[in-house]
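Me: I have a new model to study. Please take me through it step by step.

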Amino acid sequence: MNNKFILKLVRLYFRFTSTFMPTLAMNSAYKLFHTPIQSKSREIEDRLAKEAKQWSIEVDSSITLQAYRWGNVNHPLVLIVHGWSSSATSMSPYITMLLKNNFQVISYDAINHKKSRGKVSDLSSWAKSVSAVVQSVGSVECIIAHSLGAAAVVMASNVGLNSQKLVLISPMNDAKSITDKFGKHFSISLNIIQKMRDYAWEQHEKQLKLYGKDWKDVFVSNFHVPTLIIHDKNDAEVSIEDSKLLIKNWKWAILIETEKLGHRKILYSKRVMNDILDFIRV
């Protein structure tokens, strides 16, 4: 069964339930939005995983993360935080680049990705995981994060992160925008998407309120360290407007805009990688 046919069925399902069974539509949308796709890893990713020192980090009684470490423990430490439906080794070019330039690298599988486990892959748990990983390894020279991982880093920075620098690639910074896009893609009405956002807040309110009073406020942080933000003008998954919104709050951050790299290819751009390496070295 091809993906286009499955997508068509899902859209038909939501068109029907949004009209006649709104509670079911909302619950289904919530589950779909918080369930990552387990994609097949590439050969280099499997090799890097085998070469790494692996250990578990218990965030709380419901979340256990699989962590990976590469390189000389005496070298400066860089933490990599991957995005949605990816894994600890999905940003393999960065792991390789950093090791070649005498950095130590740590990464981990996010909640319900690859070998990590948790009840649900919600944003507050992602942010909590970032804090837990940094706390477990001590001070880091820099955190490099992509997409939803970058959003989690920004949220976590509200309660402090022991990192000297941040690199945020295609960061999500607007919960309304990203969920509205999700709804449009699956033909879910905006009314149902709003109910889903409200439900998600209610389900995780205690944890979310550690970061802010509402969905906008959780991304407002005063974590003042050198920060490099890189975002593509043609990103169809997370709009560059999210980075521009973040820059308005983080006057100390630098924004580099790329073209024709989108949301995924930006991770494999040598120019982007060199810009990041230069930023970390300074």
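Reply: Helices (H or I, at least four residues) and strands (E, at least two) are DSSP runs, numbered from the N terminus. The model is predicted, so local features need pLDDT of at least 70 and side-chain atom pairs pLDDT 80 or more, while totals for chains, interfaces and linings use all residues. Residues are numbered from 1 along each chain as its sequence is written, and side-chain values use heavy atoms, without hydrogens and water.

Me: Where is Ser 170?

Reply: Ser 170 sits in the loop between strand 6 (163–169) and helix 7 (175–185). Its phi is near 50°, a positive value in a residue other than glycine.

Me: Is Ser 170 buried or exposed?

Reply: Ser 170 counts as buried because its relative accessibility is 0%. Buried means under 20% relative accessible area, exposed over 50%, and partly exposed in between (1.4 Å probe, protein chains only).

Me: Which loop holds Asn 112?

Reply: Asn 112 lies in the loop between strand 4 (104–108) and helix 5 (123–137). Asn 112 has a positive phi of about 65° and is not a glycine. At 17% relative accessibility, Asn 112 counts as buried.

Me: Changing topic, which residues of helix 3 are buried?

Reply: In helix 3 (residues 43–51), the buried residues are Glu 45, Leu 48 and Ala 49. They fall within an arc of 100° seen down the helix axis, so they line one face of helix 3. The arc is that of the directions from the helix axis to the C-beta atoms.

Me: What is on the face turned away from the buried side?

Reply: That face of helix 3 carries Glu 43 and Lys 50, which are exposed.

Me: And what covers the buried residues?

Reply: The cover of helix 3 includes strand 1 (53–60), strand 2 (63–70) and helix 4 (92–100). Here, contact means heavy atoms within 4.5 Å.

Me: How many residues are in the largest nonpolar core?

Reply: The largest nonpolar core has 49 residues, and Leu 79, Ile 143, Val 153 and Leu 168 have the most contacts inside it. Apart from that core lies another of 30 residues, among them Leu 48, Trp 70, Tyr 94 and Leu 277. A nonpolar core is a set of buried Ala, Val, Leu, Ile, Met, Phe, Trp, Tyr and Cys residues joined through side-chain atoms within 4.5 Å.

Me: What does Leu 79 touch?

Reply: Leaving aside neighbours within four places in sequence, the contacts of Leu 79 include Ile 106, Tyr 108, Val 133 and Ile 143.
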